[in-house]
Amino acid sequence: MLGTGIIKGMVETARNFVGSYHDPERLTTVQYPEERLAPKENGRSFPFLVFDGNDQQAGLRCVACQICEKECPPQCIYINKSKDKKPDYVGKLQFYPATFDIDISVCMSCQICVEVCPFEAIKMDQVFELSTSDRFGKLLLHKPQLAKPNEYFHQLHPTDANEVDARLGEEKRKAEAKAAAAAAAAAAKLAAPKPAPDEPTKAT
Amino acid sequence: MAIETTFQPKATLGRTAPGNYTLLPKTPAGAIGGIDGTVLEVAMGPHHPSTHGVFRMDVSLDGETVVKLKPVFGYLHRNHEKIAENTTYLGSVPYTDRLDYLCSMTNNWAYALSVERLAGLQVPERAEYIRVITAELTRLVNHCSLIGFLMQDMGAMGTPLMYAFREREKILDLFESLSGSRMMCNYMRFGGCRCELPSGWIEQAKKVVTSFPEFLDHFEALLSENEILLARTQGVGVLSKELAINASITGPMLRASGVNYDIRKVDKYGIYDRFSFRVPLGEHGDVFDRYMMRVLEMRESLKLLEQALAQIPSGPIIDPKAKLRGFRQKPGEAYARIEGPKGELGFYLISDGSPNPYRYRVRPPSLINLTILEDMCLGQTIADAVIILGSVDIVLGEVDR
């Protein structure tokens with residue numbers, strides 16, 4: 001009979017209409033500013049810089065190697081390398097970024113900077129309410145705005161952060177052991193040379 | 001008075017007519033009939049809501065009948081290929097997301113596959129499974145939203161589109177928890193995938209896959225027997241088998257015309273030879289067949305997903321030889337293609353040994369499927385032209401690149 005298809009469709013629409021009053025699973029919308037969805041662990045918006053400890057200048061992991069600047073597809077990272085060096089987490093002297101700017105009006109949130117960073121220094125943030133009336137000033141983030149403590153990274157990406165911490169801790173232990181071994185060797189060397197002057201005399 | 005069959009710009013201002021006006025004069029002379037002065041030229045678009053983006057159809061109308069149609073694209077051209085030639089191999093992965101922004105996973109895969117061919121990388125088993133799963137989920141997303149848009153074009157305002165988007169949302173949530181972004185996934189890398197599946201992802205995906213057939217049943221109950229839909233689509237925009245093959249149409253459009261050609265079966269890229277699935281075929285090549293083709297393909301995709309989710313092994317997800325930072329390749333060339341949701345999506349790369357490709361070319365299914373729009377629309381009404389365009393399934397990000 002002509003029209004049965006339409007009636008079937010109407011029944012379907014009615015089912016969906018009534019269903020949304022009965023089954024809370026069918027209510028898919030979220031009343032945004034009041035209600036919020038829990039952020040996903042892998043979620044990403046814009047990059048930030050991780051620092052260890054309390055001092056963001058001393059603890060910044062970034063060594064200004066500029067790999068992210070080169071690999072960034074839309075070229076939105078600007079780094080100036082420092083003239084002097086500061087010790088990194090294992091105590092090795094490294095450069096640090098004198099300035100580190102990210103233009104988030106250009107950034108496309110692709111996470112390639114995170115992937116290519118060999119120092120676990122740049123990670124993805126999850127903030128998204130960044131609208132501003134100042135297009136050029138507020139959307140160009142400088143180092144003080146970008147630097148976030150390691151705890152913040154733990155809060156956002158716990159799995160990733162724990163894995164990174166374990167790896168860095170391991171490296172640090174190794175470096176310390178190596179330093180201790182080197183110190184011991186140096187001490188032994190210092191202790192050892194005492195009989196050394198005898199040798200040439202023996203030979204002569 | 002004879003009516004000119006090819007459009008001639010009247011005031012040329014001393015310049016020659018732009019090339020795209022003289023191209024494509026497909027309508028044979030004398031085909032434009034009717035009483036003198038009845039042919040009306042309408043520029044539909046580029047801001048027409050039915051054109052799915054910034055796309056223009058220059059139609060000549062005799063009453064309501066289309067006597068000539070010229071697709072004009074390029075409004076969204078953004079130098080994708082040139083940009084990719086100037087960034088590193090890794091750097092163009094996120095740009096491929098933005099080609100066909102509804103199916104970023106398949107775009108990633110096609111690009112990754114061509115770089116793998118170029119570099120001779122082996123993809124680990126688990127990564128292959130993840131790729132199949134994400135690609136088939138993408139197919140669900142694409143076909144689902146396409147049907148919604150097609151119904152919107154036909155005047156079913158909102159309802160089917162909202163139902164389709166409700167289901168699409170669940171899959172996008174999966175993508176978000178996997179890759180961090182809902183649409184711009186940027187997930188696949190040459191040699192594997194970027195990150196391991198989060199815990200509980202497989203169970204979540206299984207839940208989505210098991211609930212999807214029920215949605216499809218309801219969706220079909222809503223649409224497939226609807227008399228208005230049947231009247232609007234059956235026998236409209238017929239594309240013959242021969243023309244489809246000659247115009248190198250691919251994907252669901254080709255299969256709706258009855259040509260059994262699916263790159264998943266023909267090329268067996270990835271691990272598609274391990275799964276049992278069928279390729280649905282149409283026989284009339286009209287809009288209804290193209291609609292039905294999408295519904296049936298979604299059902300086949302679900303079969304594939306069930307198998308892949310059940311069989312997925314554990315193991316590494318990226319080839320240890322794959323080097324992302326500072327990736328260079330010795331001179332050579334490679335072409336890889338996959339069966340994207342819209343058709344054959346191919347990437348052609350030439351390497352000259354530098355960190356960026358010397359030549360990078362995309363073979364976009366949307367663009368090539370769009371080239372025969374005139375042949376399908378001639379003799380139909382202007383309202384039908386809208387749904388014929390809708391059934392082609394285009395995304396302007398991919399057409400114009």
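Analyst: Two residues are in contact if their C-beta atoms, placed from the backbone, lie within 7 Å. The model discussed here is predicted.

User: How many residues of chain B are in contact with chain A, and which helix of chain B gives the largest share?

Analyst: On the chain A side, 26 residues take part, and they are in contact with 28 residues of chain B. Elements of chain B giving two or more residues to this side are the helices H3 (93-97), H6 (159-179), H7 (201-223) and H8 (227-233). The largest share, eight residues, comes from H6(B).

User: What classes of residue make up the side of chain B that touches chain A?

Analyst: Charged residues number six on this side of chain B. The other two classes there are eleven nonpolar and eleven polar residues.

User: How are H1(A) and H7(B) oriented to each other?

Analyst: Helix H1 (residues 4-22) of chain A packs with H7(B), their axes being 7 Å apart. Lys8(A), Gly9(A) and Glu12(A) of H1(A) make the contact with His218(B), Ala221(B), Leu222(B) and Leu223(B) of H7(B). The angle is about 135°, and the two helices are therefore oblique.

User: Within chain B, which residues of H5(B) does H4(B) meet?

Analyst: The axes of H4 (residues 104-119) and H5 (residues 125-154) of chain B come within 8 Å and cross at roughly 135°. By class, this contact has three nonpolar, three polar and one charged residues. From H4(B), Met105(B), Thr106(B) and Trp109(B) take part, and in H5(B) they meet Arg131(B), Thr134(B), Ala135(B) and Thr138(B).

Definitions and conventions:
Residues numbered from 1 in each chain as written. Chains lettered and ligands numbered in written order. Predicted model: local features only at pLDDT ≥ 70, side-chain atom pairs only at ≥ 80, totals over all residues. Axes fitted to C-alpha atoms, helices over the stretch in contact; angles between N-to-C directions. Helix = DSSP H or I, 4+ residues; strand = E, 2+ residues; numbered from the N terminus. Nonpolar A, V, L, I, M, F, W, Y, C, P; charged D, E, K, R; others polar. Parallel < 35°, antiparallel > 145°, perpendicular 65-115°, else oblique.
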